[in-house]
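Please read them with the coordinates open.

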Amino acid sequence: MQGGGARTGGDEDGFLPPSTPLDRWMVAIAVECAFVVTYVSYWIFLNNHVSKATAVFVQLLFFIYFPLYNLCVFSDPGVLKPTGDSYVGVSEYSDRGSDLKQGYQSVGAEDEVHLEEGRTEGENGDASTRTNFGQSALGTTCDTCHLLRPVRAKHCRVCGFCVETMDHHCIFTGNCVGNGNRLLFIIMVCSALPSHALICHCLVVTMGGYLHINKGMNENPFLGALFVFHALSTVFMAALVAFHTYSISYNITTNEFWNWMRYRHFQTPNNLGPRYPPTFRNPFDKGVSTNWAEFLSSQFAHCPPRLMNANYHRRT
């Protein structure tokens with residue numbers, strides 16, 4: 001199909017990710033290899049040095065973490081599908097600027113998001129001007145997909161499609177994290193944290209204990225390298241758990257947290273005057289308890305997670 005056309009839905013049972021270059025999956029393949037190396041190394045070097053309870057717990061965490069990771073790789077993050085009301089051909093830009101309300105919900109009358117007329121969000125999140133096209137409070141138009149989309153949706157230039165309530169593109173899974181799989185991603189990260197931490201403990205015990213860890217790493221560089229890898233992974237996963245707990249509590253996505261200066265609805269005039277940069281405000285924050293309730297409600301609506309449709313092809 002030509003670059004200006006809409007992507008078709010196709011078979012809803014397709015289990016394959018979108019057709020993308022191999023380099024998108026290189027990190028995911030490396031992570032899979034790390035799983036295998038860790039599991040084999042555990043049985044060769046570590047299993048006889050830890051208690052039976054620890055061994056059982058390691059097995060349990062591994063068989064939870066590994067399937068969850070693969071689900072994150074192949075899950076549908078909430079790809080926006082073109083419909084008769086959401087697809088806008090190139091020649092229709094000037095005629096469809098007032099039809100954004102069709103099929104989308106507002107963020108609420110009290111939290112209505114006002115976007116500047118005549119601006120659209122491009123593939124990289126940059127605003128570009130179109131003479132006869134304006135945004136409403138309910139959404140924007142993707143210049144790449146030619147889709148009318150909710151205001152919190154974003155086009156992923158790596159995957160090549162728009163994702164509903166886009167959080168971020170995860171390089172470790174080669175997939176986006178959005179409204180369709182964010183809870184799955186967080187559960188995966190929460191299972192990864194104790195997995196890496198426990199493997200670190202097993203490695204330390206095998207190398208002679210916490211008081212002799214330097215000596216053990218010098219005597220067995222391979223186990224020392226594994227320890228460094230899993231120690232860094234433990235810190236990284238702990239940071240992810242903390243950040244996503246914060247972002248859900250305040251109803252903000254990773255993309256919005258880092259790029260709020262790109263979006264007018266997160267900006268309010270600075271009290272010091274127009275010469276100063278705008279200050280941050282979050283029109284989606286409704287309080288911690290309400291934010292968590294809305295997050296869980298939206299995520300449970302996508303349970304069980306859907307696998308990526310094989311017919312969503314990347315367009316360049």
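1. Glu256 and Arg152 are both buried (buried means under 20% relative accessible area, exposed over 50%, partly exposed in between, with a 1.4 Å probe and protein chains only). They form a salt bridge, with the closest N and O atoms 2.6 Å apart. The term means a side-chain nitrogen of Lys or Arg within 4 Å of a carboxyl oxygen of Asp or Glu. This pair links distant parts of the chain, 104 residues apart. Glu256 sits in helix α6 (residues 254–259), and Arg152 in the loop between β4 (148–150) and β5 (154–156). Helices (H or I, at least four residues) and strands (E, at least two) are DSSP runs, numbered from the N terminus.

2. A note on basis: this is a predicted model, where local features need pLDDT of at least 70 and side-chain atom pairs count only at pLDDT 80 or more, while totals for chains, interfaces and linings use all residues. Residues are numbered from 1 along each chain as its sequence is written, and side-chain values use heavy atoms, leaving out hydrogens and water.

3. How many salt bridges does a search of the whole structure find? It finds three. Another of them joins Asp167 to Arg182, the closest N and O atoms being 3.3 Å apart. Asp167 lies in the loop between β6 (161–163) and β7 (168–170) and Arg182 in helix α3 (residues 182–206), so the pair ties together parts 15 residues apart in sequence. Both Asp167 and Arg182 are buried.

4. Glu294 also forms a salt bridge, with Lys286; here the closest N and O atoms are 3.4 Å apart. Glu294 is partly exposed, at 36% relative accessible area. Lys286 is partly exposed too, at 34%.

5. Helix α3 also packs against α1 (residues 26–46), at an angle of about 30 degrees and with the axes 11 Å apart. Axes are lines fitted to C-alpha atoms, for helices over the stretch in contact, and angles run from 0 to 180 degrees between N-to-C directions. That makes α1 roughly parallel to α3 (angles under 35 degrees count as roughly parallel).

6. Which residues meet there? Thr38, Tyr42, Phe45 and Leu46 in α1 meet Ile199, Cys202, Leu203 and Thr206 in α3. Contact means heavy atoms within 4.5 Å.

7. Ala238 lies in helix α5 (residues 221–249). Ala238 counts as partly exposed, at 34% relative accessibility. Ala238 and Ala192 are 46 residues apart in sequence, and 9.2 Å apart in space, C-alpha to C-alpha.

Conventions. Parallel < 35°, antiparallel > 145°, perpendicular 65-115°, else oblique.
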